[in-house]
Amino acid sequence: MVDAWEVASIVAVVAGVVGFFTVLRGSAFAAHALPNGAFAGAAGAVLIGASTLLGLAAFALLGALVIVWIALAASYQTDYPVGFFVGSGSAIAYAAARAFAARRRRPAPEAPIAALPT
Amino acid sequence: MSRSGVSHLLSPVFAAGFFESEAVAIVLGATIGLAALFIYLGMSTQSTTGATVSILFGSVFAIAASTIPLIVLLGLLVLAAVLALYRPLLLSSVSPEIATAQGLPTRAIGAMYLVVVGLAAALCAITIGTILSTALLIGPAATALRLSKSPLRAMLLASVIGVASMWAGIVLAYDSYAWPPGGHTWPASFFVVSIVLAGYLLAGLPGLLSRRRAARAGRAPGALGVGAQA
């Protein structure tokens with residue numbers, strides 16, 4: 001109970017401060033997508049027996065970086081759609097292949113896709 | 001949509017909504033697909049269905065005391081980052097054009113802001129769940145911005161509203177042990193999100209009433225009401 005109060009208070013203060021900028025920038029979609037994307041991290045953490053919070057934080061960070069990467073790559077390339085889909089597709093394939101490889105400890109069937117040029 | 005998205009991304013000055021678009025949607029889809037995979041693997045090797053529900057909808061009572069230091073550390077990290085970014089972030093959020101004209105690296109600021117949102121989102125997710133963490137991030141801040149337009153006051157107000165909603169939600173969840181069906185508490189997340197929504201609607205009431213009054217008085221409705229964006 002005391003733990004719940006502590007955590008709730010800290011998180012609510014952080015959410016208020018960050019949420020202010022989220023509302024101001026109108027980036028509610030990113031604020032919605034990042035925690036939902038981080039769900040994969042939590043599920044993965046449960047799977048390998050790691051801390052759920054670490055899984056959430058790692059995937060939320062990763063999600064943010066990939067969004068930045070895709071957006072920047074897309075805006076600087078003249079051939080927008082190709083760079084966009086190859087970039088994001090290989091990132092997904094790489095992540096999936098790594099996850100599989102870590103789990104199964106043998107080459108994943110998705111591995112060749114990760115070798116595509118970005 | 002796609003065309004406007006492209007021009008949106010290509011526009012050098014449009015920093016505020018820069019990372020809002022296909023990129024976010026693509027990452028969201030990909031990671032949820034990954035979640036499906038992990039849950040499938042988890043279910044076929046161990047019974048993690050309970051864990052799935054508690055991650056999705058939060059389990060504030062089940063947070064281990066051992067994770068509190070990490071939560072405090074991440075929270076302080078986020079607050080320190082916001083403090084360090086405060087002025088450029090505020091300017092590039094309010095007016096990306098002016099920020100760009102002043103030579104601020106609006107894209108880099110946007111990128112750093114997104115990382116900060118990621119950490120904050122993870123903190124919200126561990127408390128009230130990944131699905132409902134949006135409500136905690138957006139709700140109190142949107143309510144605060146309906147009540148005050150001063151940045152610092154709105155931020156403070158958002159934090160106070162968030163903390164109050166959380167505390168009230170936890171108390172209600174604690175009390176709900178005696179409610180039907182009995183023997184179990186209702187999810188704290190449900191109460192927190194309901195309180196946040198109620199607060200948001202209540203905060204819009206003054207603006208709504210003043211616009212009604214203005215409309216009745218014959219002036220143009222909804223001119224600059226507090227809740228105009230709603």
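**Entry 1: one threonine**

Which residues is B:T143 in contact with, leaving aside its neighbours within four places in sequence? I looked this up first, keeping in mind that I'm working with a predicted model. My list for B:T143 reads B:I161, B:V196, B:G199, B:Y200 and B:A203. The threonine itself is found in helix α7 of chain B. Is B:T143 buried or exposed? Its relative accessibility is 4%, and the cut-off for buried is under 20%, so B:T143 counts as buried.

**Entry 2: chain B as a whole**

Next I stepped back to the chain around that threonine. Chain B has 9 helices and 0 strands, so to speak a plain run of α-α-α-α-α-α-α-α-α along the sequence. Of its 230 residues, 47% count as buried. I also checked how far apart in sequence the contacting residues sit. Taking contacts in chain B between residues at least 6 apart, I found that 56% join residues at least 24 apart.

**Entry 3: a pocket**

Then I went looking for empty space. Rolling a probe the size of a water molecule over the atoms shows where such space is left. I picked the second largest pocket, with a volume of about 450 Å³. Its lining has 23 residues, and A:V23, B:I138, B:A142, B:L145 and B:Y200 lie nearest the centre. Which helix gives the largest share of the lining? That is α7(B), with 6 residues. Both chains join in: α1 (2-25) of chain A and α4 (68-94), α7 (133-147) and α9 (188-216) of chain B each supply at least two lining residues. Sorted by class, I noted 16 nonpolar, 5 polar and 2 charged residues in the lining.

**Entry 4: where A meets B**

How many residues of chain A are in contact with chain B? I got 75 from chain A, against 93 residues of chain B. The area buried between the two chains is about 7500 Å², and carbon and sulfur atoms give 83% of that. On chain A's side, A:R25, A:F39 and A:L53 supply 11% of the area the chain buries against chain B, more than any other three residues.

**Entry 5: the core**

Last, I looked at the largest nonpolar core, which has 90 residues. Among those with the most contacts inside this core are A:V11, A:F21, B:I71 and B:M166. Helix α6 (residues 106-128) of chain B brings the largest share, 15 residues. I followed up on B:I71, not counting residues up to four places away in sequence. In chain A, B:I71 touches A:V7, A:I10, A:V11 and A:L53, and in chain B its partners are B:I63, B:L123 and B:I126.

Note on methods. Residues numbered from 1 in each chain as written. Chains lettered and ligands numbered in written order. Predicted model: local features only at pLDDT ≥ 70, side-chain atom pairs only at ≥ 80, totals over all residues. Heavy atoms only, no water. Core = buried A, V, L, I, M, F, W, Y, C linked by side-chain atoms within 4.5 Å. Buried < 20%, exposed > 50% of the residue type's maximum accessible area, 1.4 Å probe, protein only. Helix = DSSP H or I, 4+ residues; strand = E, 2+ residues; numbered from the N terminus. Contact = heavy atoms within 4.5 Å. 1 Å grid on protein atoms, 1.4 Å probe; cavity = no way out; pocket = protein on both sides within 12 Å on 5 of 7 lines; lining within 4 Å. Points joined across faces, edges and corners; volume = space filled by probe spheres on them. Nonpolar A, V, L, I, M, F, W, Y, C, P; charged D, E, K, R; others polar. Buried area = accessible area lost by both parts, 1.4 Å probe.
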